[in-house]
Amino acid sequence: MLNIRDKVIAITGASSGIGEATALRLAEHGARLALGARRTERLEALAARIRDCGGDALVQPLDVTRRDQVERFIDNTVATYGRLDVLVNNAGVMPLSRMVDLKVDEWERMVDVNIKGVLYGIAAALPVMQAQHAGHIVNVSSVAGRHVFPTAAVYCASKFAVHALSEGLRQESPFMRVTVIAPGAVESELTGTISDPVMKKEVDEVFRRDLLPADAIARAIAYAIGQPDDVDVNELVVRPTAQA
Ligand code: NDP
């Protein structure tokens with residue numbers, strides 16, 4: 001039996017893919033949710049589904065590259081539900097390219113969303129969790145945070161950073177739990193951020209043939225959150241069986 005019922009859980013990037021599947025899975029286990037992303041019409045539709053099944057879901061417009069918006073997301077979650085048990089830092093982008101193509105704007109976007117967005121989430125949630133003497137931060141990294149792939153230098157760098165800062169946070173914060181989730185290839189809208197159409201086609205056709213459903217990652221996140229409070233699942237790597 002997973003220990004999730006009535007937990008207050010904020011999820012960034014809940015408008016599609018892994019974030020959306022995680023919201024649905026955690027709602028099924030009785031969590032009270034705060035859903036953040038830029039596409040609020042998607043969040044409203046998701047929240048309506050959750051409420052129709054008797055669940056609680058707060059919708060918040062959120063750009064994780066804006067520290068003030070991340071702070072407001074956490075503040076509104078605490079104001080609505082009275083506490084924050086879990087923050088799932090899931091929002092991410094993956095505009096893959098070769099370094100020689102010098103898509104510096106896209107490098108910056110990966111740094112801003114995948115690293116700074118996670119840091120802003122930690123900065124907003126940590127004081128709340130410290131005051132509660134309890135909490136859990138789940139950071140969605142990637143197998144690209146453990147191995148480097150061609151065309152993915154900056155994406156991998158951003159996900160290596162997520163692993164590093166998660167481990168540092170864990171070591172320094174014995175009052176709370178920290179989990180890194182490292183998915184392999186998962187069905188979602190993630191390759192939509194690849195701007196080179198030839199590269200996008202190649203990635204979709206060659207590297208992303210065997211895809212996990214997003215709910216496979218949602219179940220891994222629910223497993224980590226649902227353990228007893230004295231059990232911290234530090235890292236879960238979840239790949240399609242056929243992925244090398
Ligand atoms: P999707 O593209 O389906 O979802 C990405 C989510 O991030 C969307 O909800 C999007 O919401 C949100 N997002 C992007 N930029 C911002 C921003 N600036 N502010 C707030 N939210 C933002 O992809 P996935 O579900 O696959 O991605 C989720 C996470 O999983 C990412 O961190 C990704 O790196 C990681 N991952 C995915 C893998 C895969 O194969 N799919 C493999 C390994 C890791 P919106 O646009 O509405 O703001």
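Me: How do you know that strand β5 and strand β6 pair in the parallel sense?
Reply: Two strands count as paired if DSSP finds at least two bridges between them, and strand β5 (residues 136-140) and strand β6 (residues 177-183) pair in the parallel sense over five bridges. One of these contacts joins H136 to R177, its bridge partner in β6. Please keep in mind that this is a predicted model, in which local features need pLDDT of at least 70 and side-chain atom pairs count only at pLDDT 80 or more, while totals for chains, interfaces and linings use all residues. Residues are numbered from 1 along each chain as its sequence is written.

Me: What makes β3 and β7 the edge strands?
Reply: Seven strands form an open sheet with parallel pairing, in the order β3-β2-β1-β4-β5-β6-β7. In this sheet β3 (56-61) and β7 (235-238) each pair on one side only, and they are therefore its edge strands. Neighbouring strands of the sheet are turned by 15 degrees against each other on average, direction ignored.

Me: Which elements are counted as helices and strands, and how many of each does the protein have?
Reply: Helices are DSSP runs of H or I with at least four residues, and strands are runs of E with at least two, numbered from the N terminus. The protein comes to seven helices and seven strands, which run β-α-β-α-β-α-β-α-β-α-β-α-α-β from the N terminus on.

Me: Why is α1 called oblique to α7?
Reply: The axes, which are lines fitted to C-alpha atoms over the stretch in contact, with angles running from 0 to 180 degrees between N-to-C directions, cross at roughly 55 degrees and come within 8 Å for α1 and helix α7 (residues 214-225). Angles under 35 degrees count as roughly parallel, over 145 as roughly antiparallel, 65 to 115 as roughly perpendicular and the rest as oblique, so α1 is oblique to α7.

Me: Which residues of α1 and α7 meet?
Reply: Residues are in contact if their C-beta atoms, placed from the backbone, lie within 7 Å; G17, I18, A21, T22, R25 and L26 in α1 meet A214, D215, I217, A218, R219, I221 and A222 in α7.

Technical notes:
Contact = placed C-beta atoms within 7 Å.
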